[in-house]
Amino acid sequence: MQPEATEPEEDSVWEEPPSMLWGLDPMFNAFNRLYVKDILHMRESCQVSGIYFYNSHPIFKVDVLRTVVYKREREDFFCHGVDDGTGVINSLCWKDEQWREQGDPAILWARSFGSSAREDFNPASELKKLRQAQHSSSHLEIGELLRVRGPVKTSRQQREIMASTYYKVSDPVMAVQISWMMEVPQLYRHSAQNIQGGSASYLLGRATRILKDFLKEKEVTRFRPYDIQDLLQPLVSRQPQKTASEQEPEAGPSSGPPTSFKQLRELLQKCLQILQDEGLVFRKVKCQDEVYHVTERDKDLLMAVRDILREDCRREKYAEKGCHILHVLSSVRQRYSRNVSKAALELVLKALECNSDIISTSDSHYTIL
Amino acid sequence: MLPAPAVFHFLWEVNSGPVKEGDSVRTLGRLHNLSSMQHQVVVQTTFVEPFDPIIGAQYIVLGEIEKAEGGDGVMAHARVLNCVDGVNLVLLQRGVNEQRSYFRERGESKGDAATAARPPAPL
């Protein structure tokens, strides 16, 4: 829940999640109960107009319960200005055609039943009462309580709610308003907790990409975690501002070192785990000193694999078909390092094949050239 | 043109200072007689006339604050006057405080959040 004052700076560095992922956020499909202030200040998406972002959640539908403080009536619609104490916004409420005209075929049809119907049930008058009830629930005066649900639109530089549903709420002892006042902060806090889930995986993806690009560009052969953790610093320094409600408020990215450092370490660990799982890096020796080898640049590993293939392919057993990848894997683990994963070996074999040092005889067999 | 948003204030806050002249506020009080409410907030009802006053009932007033004539106390120019007799004051106070504490957590600097003083006995 970052304060609005920092928004302009955030705009330039915060990236929207790609529109394909919006459906994964439950807030996208819900009618969100937001304060009017937040509705007015939500950032509009650059990818799709009509979608807004509140705290990196994509939003387009809202649900408000507010007092009418302004009313404008036109032939087809009402425009109610509604106020909840944090802001005032217009809601455009289209008039339901049904109650408007007198010569309604439904009423005429109901009247035709009048003579044959039972005495205690008169369809025409019942229908008329229904119309009146509909009319009274959709006609509001200033001071009454209105519940509106609908998408947010920006028209003529102004935000408004285009009501898909609206009705007058009868709240003589303020019970509905009080329960709303108690509920909405809880909903906000709940969504702030959920923000960790959604944006975390997105953040992780970005962080991994940054590390991969760095390792490739700089042709790194070996590194220790602290060599690269500075690369992720800019990603983490934005995080404390987003989750200020869960930590003490921080003055800026450089303050509060324990919390942001811890987050940095965690992010780094997760990224390194992903890189290991993909086989891009491996730890030759697992000891106190965390040294990671970049698979494709480890000349010793490449030579070891080549030697294994050269020796084994001389044997009769493997001469014709070549060595199975799992056989190569167990040999590498015995000779070179126990921590080479299958994914890493696959990358090595691919690199050797590209170099024309080896060739694959089938999907998982390789032989030396 | 939409009017300014009316932040909820308790009556004792309206009198004591955090509310400035010209602010739009929403507050609750008991109708004492046709020309004033308890806790000395005078309510101007020109915008909401005619209305059916129930003396002694609790009303929610939404309107602008002005300096009262005579210099003492404040006057609220009511745009909305709703009778809410029977409202659970304790719950209402809790609801308002819940909202305020949430805004405080967010780090907003709203005038009312800063001055939520310990209230006296309910009306």
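This is a predicted model: local features need pLDDT of at least 70, side-chain atom pairs count only at pLDDT 80 or more; totals for chains, interfaces and linings use all residues.
Trainee: What does chain A contain in the way of helices and strands?

Mentor: Chain A has 13 helices and 15 strands. Of its 369 residues, 44% are buried.

Trainee: How is the size of an interface given?

Mentor: Often as the accessible area lost when the parts come together. Here, chain A and chain B bury about 2,700 Å² between them, and carbon and sulfur atoms account for 60% of that. In terms of contacts, 32 residues of chain A meet 33 residues of chain B.

Trainee: How many salt bridges does the rule find across the interface of chain A and chain B?

Mentor: Three. One pairs Arg189(A) with Glu105(B), whose closest N and O atoms lie 3.2 Å apart.

Trainee: Which element gives the most to the side of chain A that touches chain B?

Mentor: Helix 6 of chain A, with eight residues. Elements giving two or more residues to that side include helix 3 (36-41), strand 4 (61-73) and helix 6 (175-217) of chain A.

Trainee: How many nonpolar, polar and charged residues does the side of chain A that touches chain B have?

Mentor: That side has 18 nonpolar, nine polar and five charged residues.

Notes. Residues are numbered from 1 along each chain as its sequence is written. Chains are lettered from A and ligands numbered from 1 in the order in which they are written. Side-chain values use heavy atoms; hydrogens and water are left out. Contact means heavy atoms within 4.5 Å. Buried area is the accessible area (1.4 Å probe) that two parts lose on being put together, summed over both. A salt bridge is a side-chain nitrogen of Lys or Arg within 4 Å of a carboxyl oxygen of Asp or Glu. Helices (H or I, at least four residues) and strands (E, at least two) are DSSP runs, numbered from the N terminus. Ala, Val, Leu, Ile, Met, Phe, Trp, Tyr, Cys and Pro count as nonpolar, Asp, Glu, Lys and Arg as charged, and the others, Gly among them, as polar. Buried means under 20% relative accessible area, exposed over 50%, partly exposed in between (1.4 Å probe, protein chains only).
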